[in-house]
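Subject: Structure for your files

Hello,

Here is the structure I said I would pass on. My notes on what turned up in it follow below.

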Amino acid sequence: MSASIPFNRPGVEGHELEYVRQSIDKGHISGDGGFTKQASMNLEAVFGGRVRVLLTTSCTHALEMAAILLDLKEGDEVIVPSFTFVSGVNAFVLRGAKPVFADIRPDTLNIDERQIETLVTPRTRAIAPVHYAGVGCEMDAIVDIAQRHGLEIVEDNAHGLFGTYRGRLLGTFGRMATQSFHETKNINCGEGGALVLNDPALIERAEIIREKGTNRSRFFRGQVDKYTWVDVGSSYLPSDMLAAYLLGQLEMAEHIQSKRQRIWERYAEALAPWCEQHGVRMPVVPEHCRQPYHMFYLLFPDLDARQSMIAHLRARQITAVFHYLPLNDSEMGARFGGRAGQCPVTESVSERLLRLPFYNTLSTADQDRVIETIMAWRS
Ligand SMILES: *Cc1c(COP(=O)(O)O)cnc(C)c1O
């Protein structure tokens, strides 16, 4: 009997363990040590050195920081896609804001930019697009709407590190963007994230919010002679051990990305004829978007087919998973006026989407087994 193939399996790629060891040997394992600085600089270089990147304990926490930095007030509205991870909505709700759900495009599964303007009201403060699977949202249109209505943009770029839209890196369109280094993401440290600040005016306050509302970062730089409570904040700074692990991964980014590209292209090539025959749709990546190969999904014709494939794979020790449930049709979404039928594309895609095993160390033999098992379904 063959071994099981998980949906995800995080792997060590370079010097991660050595760096963790070094952080311990140096006696600095709390936040903001040497590895935090190096990992942040590495990420700033990814973004062309024009941004400031603050490591956080998660993408969820980076989103919470972004919501605090926006000074959202009770009753302010934030336009979000209904097909996303809860953190991209909770962060704003925690500030008292109301999420307003936009449906997604049937092709890229990103927020449907054509709906955004119809949802703008005098209370709208921000748009929070998510680059699903790292394929860029239609940022030309979204930036244009934001400018005309004086709205902020916060990009949830959890899937999109290294992706581009019309040649420009995802994460550089909004005033802020957030990254995730959760173990399921391309680059990971188990749990981790980053807040990308494209506006230098936000840096000082962001540092304070991340340090429990104190000016401790300025104190450590010798800019003030004691540190004190100056603003709201929380504990959003990761341990230097995690930053050390993250640096090891970031240094191997090119290698990781090329492995993922190979895996993604192999799925696409091998499954194309089968998909055609079975009315199954593969991911759509428009010409003007470069994707970072975050995931490979299949869109089945209906819920029954998708569930049948999940069971078929599971019976052969292969784990494939569905993704987001529509937030508009959730218990919490209903409290903000969300309801079933409001976002038909999200509701349909949510029932039909299947994510295949996809991780940096997925071997060719295991990937072949996934592909062959899929092709043996109902045949
Ligand atoms: C993974 C993910 C998050 C949350 O990331 P954490 O680092 O686990 O908090 C948020 N948004 C999207 C789109 C994600 O995929």
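The chain holds 14 helices and 12 strands. Its radius of gyration is 21 Å, close to the 21 Å that the globule rule gives for 379 residues, so the chain is as compact as a globular protein of that length. Please keep in mind that this is a predicted model. The C-alpha trace spans about 75 × 55 × 35 Å along its principal axes. Of the 379 residues, 56% are buried. Taking contacts between residues at least 6 apart in sequence, 70% join residues at least 24 apart.

Salt bridges

A search of the whole structure gives 22 salt bridges. One of them pairs glutamate 117 with arginine 148, at 2.6 Å from N to O. Glutamate 117 lies in helix α5 (residues 113-119) and arginine 148 in helix α6 (residues 139-149), so this pair ties together parts that are 31 residues apart in sequence. Glutamate 117 is partly exposed, with a relative accessible area of 31%, and arginine 148 is also partly exposed, at 48%.

Helix α6 also carries aspartate 140, whose side chain meets that of arginine 166 in a salt bridge (2.9 Å, N to O). Arginine 166 sits in the loop between β6 (164-165) and β7 (168-169), 26 residues from aspartate 140. The relative accessible area of aspartate 140 is 44%, which makes it partly exposed.

Salt bridges that share partners join Glu44, Arg52, Glu207 and Arg221 into one network. Within it, the side chains of glutamate 44 and arginine 52 meet at 3.3 Å, N to O. Glutamate 44 is buried at 14% relative accessible area, while arginine 52 is partly exposed at 28%.

Asparagine 328

This residue is in the loop between α11 (303-315) and α12 (331-334). Asparagine 328 has 0% relative accessibility and therefore counts as buried. Its side chain makes a polar contact with the side chain of glutamate 347, at 2.9 Å. Beyond its neighbours within four places in sequence, asparagine 328 is in contact with residues including Ser82, Phe101, Arg339, Gln342 and Glu347.

Cysteines

How many disulfides does a search of the whole structure find? It finds zero. For cysteine 189, the closest cysteine sulfur is in cysteine 59, and at 12 Å it is too far for a bond. Cysteine 189 counts as buried, at 8% relative accessibility, and cysteine 275 counts as buried at 2%.

Regards

Terms used. Residues are numbered from 1 along each chain as its sequence is written. This is a predicted model: local features need pLDDT of at least 70, side-chain atom pairs count only at pLDDT 80 or more; totals for chains, interfaces and linings use all residues. Side-chain values use heavy atoms; hydrogens and water are left out. Helices (H or I, at least four residues) and strands (E, at least two) are DSSP runs, numbered from the N terminus. Buried means under 20% relative accessible area, exposed over 50%, partly exposed in between (1.4 Å probe, protein chains only). A polar contact is a pair of N or O atoms within 3.5 Å; within protein, one must be able to donate a hydrogen and the other to accept it, and residues adjacent in sequence count only if both atoms are side-chain atoms. Contact means heavy atoms within 4.5 Å. A disulfide is a pair of cysteine sulfur atoms within 2.5 Å. The radius of gyration is taken over C-alpha atoms; the globule rule is 2.2 Å times the number of residues to the power 0.38. A salt bridge is a side-chain nitrogen of Lys or Arg within 4 Å of a carboxyl oxygen of Asp or Glu.
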